[in-house]
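Please find below my notes on the model.

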Amino acid sequence: MKTIITPKTLVLYLLICLMFVPLVSISAQGEIAYSQDFENGHPPEWSMDDGWEIVEVDGGHALSGQGHTWARVDIGPWEDYVFRFRAKLEPEADLHANIRLRHEPFQRYYITVNQAQIAIHKQVGEEFYERLSTGPGQGDGWHLLELEVEEGLVSARVDGEESTSYEDPDPIPYGGIAFESVGSGIVLIDEVEVELGEVPESPQQPMEGELSLGELTWVSTGGPLGGLGYDIRMTPGNPDVMYVTDAWAGAFKSTDGGENWFPINEGITARVGPSGDGIPVFSLTVDPNNPDTLWAGTQFGGGVFRSDNGGETWRSMSNGILEQSLTIRGFTVEPGNSDVVYLGGEVASWEWNGEPLNGVGFDLTKGVVYKTTDGGQNWERIWYGDNLSRYIWIHPQDHNLLYVSTGIFDREAANSDPDTLEPGGVGILRSRDGGATWEELGVENGIREDELYFGSLYMHPENPDILFGAAGNDAYIWALDYDIGAIYRTKDGGDTWERVLDLPNASAVEICENDPDVVYAASASAFYRSDDGGDTWQRLGGSGDLQQTGIAFWGSPDEVAGFPIDMQCDFRDPMRIFVNNYGGGNFLSEDGGATWVNASRGYTGATMHEIIVAPNNPAQVFATARSGVFTSQNGGETWQGLSHGVARAMEAYAIAVNPFDPSHLITTVGDAGPVPKISHDGGQTWREAEPVVDGMEFFEWGVMKTILFSPTEQDRLIGIQAESFCVEDDSCDEGYGVIFSRDGGETWHFSNLQEGIGTDLAFAPNGDVYVVLYPSGHLYRSSDGGETWEGVAENITAGVDVRDRDPDMPGPALVSLAVDPANPEKLYAGFSRGGVMVSVDGGVTWEASSAGMDPESSVVDLAADGTHPGVVYASTAENGVFVSTDGGETWRTLNEGLRTRAGVDLALAADGSVLYLATSGGGVFRLGTPGGEGAEEAEGAEEPEVAKGAEEAEGEEEVEGAEEAEVTEGAEEAKEVEGAEESAKPGLPCLGGLLPLGVLGLVLSRRRRSEK
C-alpha cells in the first residue's frame, strides 16, 4: 500500500511541504492519538467479525471488509477529533465509518460512504436519525477520508474537499471509532489515524461525581510476558508466518517473523479457569504438505481442532478419542499424505485410576498415541502406556518407521514409585509397522534408568538415523540427592543412545534445518549450542546469583524466561532461535543464544498476582506475576522486566510503592525465598531485607503476599500472608498474623496480632488501617501504623447469606477490603463465593450489598474512586469487573472488551482516570487512557513514539510519516509526486513543522547507513 519513490524525490517533496507549512498549520496542531497501517498483521487492539481481514494490496497490506459486519478498535474515547483514513470501495460497497461511538448506552454518528454519496446519520439507543446531511461520494480508487467532530459539528471531507457537514443541537459528547461494512462489495481501509482537537479533557477528567470510566472499553495491554507456553512453529516456505500456543491464552499467530502476535481461536471451544475464559491450547502443528492446514490440541477434554485457512477458523475433529480428560501433547503429519496424522497425549490419573493419584510432586500419568488415515474424520488409538507421549517423528523414506518421546518435566510416570523415589518412565518408543506394534528404547539401549523422561525429541533433517532427545524431570531432580537429566543422541536409528551433554532437567532440544550441525539444548537454568552436531557444546545465556536465588536462569537479564518447552530455529538463519516457555513467554536470540529479547508482543497468558499505580503518574504501573516483577511506563503499551539480582526468580507476589518516594519499591518473589526485596531506584537494583521477624526467620513465618505503605508516614509498611488460594479450598496452614516495618522494609516486627492469616489490608486516608484474619473472619483496626490492633467486628462472614450454596465447597471467606476515600467510616468487604458487604460505621455493622452481581461471585479486590464519590469497582474471579456509582448499593458489569474475566487485582490511578485489571491467564487490561508523564514514550525507546498505540516496536527507528514512502536505494522513481494516476492512493498532505524534518533526517541517515 506504499508508494515507492527514491530518496531524491522524497527529499524534494518534503522541501516543498516545508515551503507551505504556514498554510496547513491548523491541521498539524492536534495530537496524534492513534495510527495504524496494518503492515504488521492483525493489530491486537482490533477485533474483527467474520468478513474483515488483513490482505495484501499493491505491495502492502490493508484492512478488507465485506458483508454486514464490524471491525472495532479497542481505543479511545475522545471528544473532538479528526478520524482520518484511506479507503477504496467497489461499486457495490457501502462503508459505515463510526465516530463518537459509545457502548453503554449505545450511541454513535455513522457516516455512510460509497462511490456516489456520503451521508451523516446518528443513532441513540434504538432511535435512528438518518440522512441528516448528504454530499458527493468518494468515487473510484483510493481516497483520503477525514471525518471531523468538533463540539456539535460533524463534517466529512474527501481528499481535503468538504463533502457534507451537520450541526447537531444535541451532540453525542465523546466516543471511539469503528468500521462497519454493509454492502456486497469489498471495502479496503488503510492508514487509519486519529488526531485530537483542542479540548480532549472530557471524559478523561470528568467533573466530580461522574463515572469517569463507565463508557469505555477495556484494552488488552498484551503483557507482561508469561503464561503456560507450549509449542512454537514456523511455516515452511514462509518463515515470517509463525504460531505459538498457550495453555491459558490459546493459539496466536505472527505474520512478521515473531515481532507481533494476535490470537486465532475462533472455533476452538475448549475453555478452562474460574471464569471459563481460559483457552487451553497445548499443541499446534503446521501441515508440511499444505501450510494453510493446522492441527491444534487442547489440555483436558481430548479436543482436536483443524484449521484449513491458516488459523482464521477451526473445527472440531475429535471423533474416536476415547478418553474424557485427554491432554493432546503433539501432532505429526505424514510427508506427502495429509490424510495420515498422528497425535500423542496424556491421560490424567483420575481417569485411569478412578481418582487423582499424585507422585512426588505431580500427577501420575499414562499416555496414548492416536492415528487417523482420513484427515481427522476418525481416530484410532494405537498405543497406550505408562507415560505421556509428545513428539512423534516419521522416517522420511520409510513412513512405517515412527519414533515417539514420552514424559515431560512436570508430570510423573504411572509406573514410578514415589515412596521409594524410583522415577519409572518409558523412554523412547519405536514402531516399524506404522504403529501396529511398539518397542521401548530405554536402559538396554544406553539410557539411564532415572532419565527415561524425554520431553523433547528431534530428528536430523538429512540423516533420519540421527535423533536428539532431552531428558529431565523436575520432581525427581529435587527429590533425589543428585542431578538427573541430559541430552541424548542416537546415530543408528535408536538402537543405541549416548549422553552427549550433562544438562540437569533438560527440557528442549532442536536441530537447525538449514544447518544440521547447529543444535540447541536448554533447561530452566542453562542454554547450550553445539556447532558440530552435538560433539561439543558451549553454554550461553545463563545468568543469576546462585547464592541468592539457588538457581541461575537462562535468557535476558531482566526477565525470567521459565522452562524452555519448545524451540524453533529459523529456516533461514541458524543463529536465529525462538524459545517458547512454560511460565515465561516467548524469547528470541539472533546471535545463537548469546543474548535474548522478549518476543511476546501481543501474546501473553500471564498469571498475575498484584498490580499498583505510581502515586504521581497514571501511566506508570508495577506488577507481579508467576513470571516475575514488571513495570510499564506508558500504561501497559510496553513492559520491562525487573527480575534481576536477588529478585531473579519466578512467582513474584507482593509489590508496593512508597507514596512519598515512587522510586522506593518492595516485593516478594516466592522462588527466591520469602525475604522481602527492596529497591530505591525503581526496581533497577534490589537488595534483601533482614531475614528475620523479631528473631523468627522469614522461612518459618512465610511469604508476604500483600504489603502496603502507609499514606501518612514515610517508610512505614504493613505485611500479611494473604493466602487467597488456600482460602478457596480451606487448606490454609497456620498463619502468623500481621507484621510491620518502620524503616522502609529493612527490618520487620510482630504486631499484637500473631495468629491467623491476614487476607487483606486497607488504609484509610488518615492512616488508620484495617485487616481481616482467616479463618475467624474478625476485623481489626490499627491507628499506630499496624503495631497494635483492636477488634472492630467478629466473624463478618457469618452475615453472608448465599442461597443454593454448593455443599461440597467451603463457605464464604472475607478476602478483600476497601475504605471509601471520601468517608473513612464507610468500608467495603468482598468475599470468596459471597459477593459484597458494606459498613457505614467503621466496620462495626455490615449489610449485604450485591444487587446486580451474582451473589456467589468471588470478589477478589475492591477499589473506591477518591475523585468521584460513590464510584466503586469490584473485581471477581469468575465474572469480570463490576462498578457501582451509588456507593455499593447496586452494581453492573464493566466488561466491554475484557477477553479474560478471571480478575485477581485492581489498580486505580489516584485521579480516577485509569483502571488496571490484573488477570489469571490474560495479563493486564486497562480501562481509560493515561495522560501522565511517560505515557507518550516507552522507556528506553530510541525514537519518540509519535502515535500512541501504533504498531511500531520499541526503539524502532521509523517515525510516523516515514512509512508513507518505502525508500529503496537505487530504485527508479515509480511515480512523481504530482501527476500520479487517479486510482493511486493520494499522498498525505504536508503535516507541517517537525514531521517533514524528521522524515528528511531519517531518509538521509538511512542512505548514509546503506553506503557504509
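1. Which residue's side chain meets that of Asp570 in a salt bridge? The partner is Arg572, at 3.0 Å from N to O; a salt bridge here is a side-chain nitrogen of Lys or Arg within 4 Å of a carboxyl oxygen of Asp or Glu. Asp570 is buried, at 1% relative accessibility, whereas Arg572 is partly exposed, at 45%. Buried stands for under 20% relative accessible area, exposed for over 50%, and partly exposed for what lies in between (1.4 Å probe, protein chains only).

2. On the basis of the work: this is a predicted model, in which local features need pLDDT of at least 70 and side-chain atom pairs count only at pLDDT 80 or more, while totals for chains, interfaces and linings use all residues. Residues are numbered from 1 along each chain as its sequence is written, and side-chain values use heavy atoms, with hydrogens and water left out.

3. The protein chain has nine helices and 79 strands. These are DSSP runs numbered from the N terminus, with helices being H or I of at least four residues and strands being E of at least two. Of the 1012 residues in the protein chain, 61% are buried. The accessible surface of the chain is about 37300 Å², and carbon and sulfur atoms hold 47% of that area; the areas come from the Shrake-Rupley method with a 1.4 Å probe, and for residues only the protein chains shown count as cover.

4. Among contacts in the protein chain with a separation of 6 or more, 57% are between residues 24 or more positions apart. A contact is defined by heavy atoms within 4.5 Å.

5. The structure contains 43 salt bridges. Side chains of opposite charge can pair when their charged atoms come close. One of the bridges links Arg315 and Asp308 at 3.1 Å, N to O. Arg315 is partly exposed at 38% relative accessibility, and Asp308 is also partly exposed, at 36%. Another joins Asp531 to Arg529 at 2.9 Å, N to O. In that pair Asp531 is partly exposed at 43%, while Arg529 is buried at 11%.

6. How many disulfides does a search of the whole structure find? The search finds one, a disulfide being a pair of cysteine sulfur atoms within 2.5 Å. Cys512 and Cys569 form this bond, with an S to S distance of 2.1 Å. The torsion about their S-S bond is about 90°, so the disulfide is right-handed. Cys512 is in the loop between β39 (508–511) and β40 (519–522), and Cys569 is in strand β45 (residues 563–569), so the pair ties together parts 57 residues apart in sequence. Both cysteines, Cys512 and Cys569, are buried.

7. Strand β36 (residues 467–471) deserves a look. Five of its five residues are buried, so β36 is largely enclosed by the rest of the structure. Leu467, Gly469 and Ala471 point one way from β36, and Phe468 and Ala470 point the other way.

8. Strand β36 has antiparallel pairings with two strands, β35 (residues 454–459) and β37 (residues 486–490). Two strands pair if DSSP finds at least two bridges between them. Five bridges join β35 to β36, with Tyr458 opposite Phe468. Five bridges also join β36 to β37, where Tyr488 is the bridge partner of Gly469.
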